[in-house]
Amino acid sequence: MNTVVAGITYRALLGRRRIILLLVLPLGLIALAVLLRLFGETGQRSAMLLMDNFAINTMLPLLGLIAGTGVIAPEIDDGTIIHLLSKPISRPAIVRTKFLVAASLLAVFGAVPTYVAAWLLVSNEDSIATGFAFGALLAGIAYAAVFLLLGVLTRHAVAIGVIYALVWETVVGGFVPGARRFSIQQWAKSIADQISDSAFLKADVTLGFAVPALLIVTVAAVFWAGRRLRSFSLTGDE
Amino acid sequence: MKIELSQVSRWYGNVVAVNDVTMTIGPGVTGLLGPNGAGKSTLLHMMAGFLAPSGGSVTLDGNTVWKNHHIYRNIGLVPEREGVYGFLTGWQFVLSAARLHGLPDPAQAARKALATVEMEEPKDRRVETYSKGMRQRVKVAAALVHDPPVLLLDEPFNGMDPRQRLQLMGLIRSMGADGKTILFSSHILEEVERVAQHIEVLVAGRHAASGNFREIRRLMTDRPHLFMIRSSDDRKLAAALIRDASAGGITLRPDGLEVQATEFRRFARLLPRVAKEEGVHLHQISPADEDLESVFSYLITRST
């Protein structure tokens, strides 16, 4: 962890208007929870629908995309990354720092609002809030790593990330049962299911698969991104 | 410190950007001269560890540059692209460079570097409010902050006003005199010969010439020059000029004379004298091939 790299990265992501991008979705989630509560739609079923469809399926991958690519892709795009890369710091160390920044942002803007929204609907009933918050945290960390890697690999990280989040995670994961095993969202639900005692929550993927999968995906993505940045090339205008 | 390039080539698919270049950059100021698209940036990126050579080797005092982040203790790089975080102030930017280098007293080093490029006064403004010349100087300050023995600058004078340009030229010269190894690229001969003791010329990816500026200047000025001349009596002027050996050939055109001068300096003195003697008024003298491309293409045909 390099504090200078982290400081610059936080400023680039949270500075001025950019923080709005990170705030919109979690605020939307909490607003929905407040609305449901106002209309008396509390209870485990509503909580489950909101957590499943909005927090885990929509907010988390999009936040992962914004934070994961945001910690590195814009710098690669405008060339400012050279400021960091032309220093006697190993490139994998730069990647690890940027990953930690993205992961911390997902914890603050993803996991915490997930807990708050669930708590608004069911308080601490059956540990639903804790389960989803924990699932969101671990899945958010994996998303941060995957999208960071994508930001290092390609200049079209955002487009590819959106397609991945929408097509793979939502459509394929929704209709092709086998593909669910390879979906970060499903792993998040497995963890939520494990922690929570609610009868409404049924995960398709076993915990024995989800936890190692999350770990492997995260570590592999950060490792690969570091290797890739070592051979970062400047191709000039010629 | 020495940067050594040994048979370095770089290609992108079928396009060869740098072709079998061997050169050694030692202490002092070296200018990398060549027209746009000659491969200067590609070569400089390979020296800076930001591009892998497709063939050959690039080393800094014997250590491979590619995939070796330790070289940056000894190298300061000023890239051509802006590459400065707009949301940081000049001070924060240079200080961050000092801290990234792990210097014992980063604030002191940043102050010194900013003073070197005369950027103390606007240092607390955000970089995005800077002019292009100021950004360039703040980049130079960040590259100098760890006092590196090697400095690489890609087109450093682009976008600078004449005063800033002179200031940076003076700075580069004095650092070269202190024994630092400095390489900068430029497509402007005048720029290079004012700063560099040594010039490497790159044309179409090939190492076309190498030497001190007098040798390069002579190579460039002693080539045949082509002029367009309009006067009050073209025919009379042509007859008088052709008597001198410095005029290699003259073509009478409806819109003036096209003169091939074999010896540039001699012809430059000859023309006004002859015009005066013959009582011919000169309306216009324009070089017909003075663009760098033709100078460089002459150098290529010479070197092959």
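I began with the record: the unreviewed UniProt entry annotates "transmembrane region" at residues 19–39, 59–76, 97–122, 128–150, 157–176 and 205–225 of chain A. UniProt positions follow the numbering used here, feature names are shortened, and annotations may be inferred rather than shown by experiment.

I noted that this is a predicted model, where local features need pLDDT of at least 70, side-chain atom pairs count only at pLDDT 80 or more, and totals for chains, interfaces and linings use all residues. Residues are numbered from 1 along each chain as its sequence is written, and chains are lettered from A and ligands numbered from 1 in the order in which they are written.

**Chain A, helices**

I looked up two of the annotated spans. Residues 19–39 of chain A are 95% helix and 0% strand, with end C-alpha atoms 30 Å apart. Residues 128–150 of chain A are 100% helix and 0% strand, and their end C-alpha atoms lie 32 Å apart. Helices here are DSSP runs of H or I with at least four residues, strands are runs of E with at least two, and both are numbered from the N terminus.

Next I took α3 (residues 44–70) and α6 (residues 91–122) of chain A, whose axes come within 10 Å and cross at roughly 165 degrees. Axes are lines fitted to C-alpha atoms, for helices over the stretch in contact, and angles run from 0 to 180 degrees between N-to-C directions. α3(A) and α6(A) are therefore roughly antiparallel (angle over 145 degrees). By class, their contact has 16 nonpolar, six polar and no charged residues. Nonpolar means Ala, Val, Leu, Ile, Met, Phe, Trp, Tyr, Cys and Pro; charged means Asp, Glu, Lys and Arg; the others, Gly among them, are polar.

**Chain B, sheet**

I traced an open sheet of six strands with mixed pairing, in the order β6-β7-β8-β3-β9-β10 (chain B). Two strands pair if DSSP finds at least two bridges between them. The edge strands, β6 (75–78) and β10 (206–212) of chain B, each pair on one side only. β6(B) runs parallel to β7 (residues 150–153) of chain B, with four bridges; in one of them Ile75(B) has Val150(B) as its partner.

I also found a hairpin of two residues joining β12(B) to β13(B).

**Between the chains**

How many residues of chain B are in contact with chain A? I found 28, against 22 residues of chain A, with contact meaning C-beta atoms, placed from the backbone, within 7 Å. α2(B) gives the largest share of the chain B side, four residues.

How values were computed:
Contact = placed C-beta atoms within 7 Å. Parallel < 35°, antiparallel > 145°, perpendicular 65-115°, else oblique.
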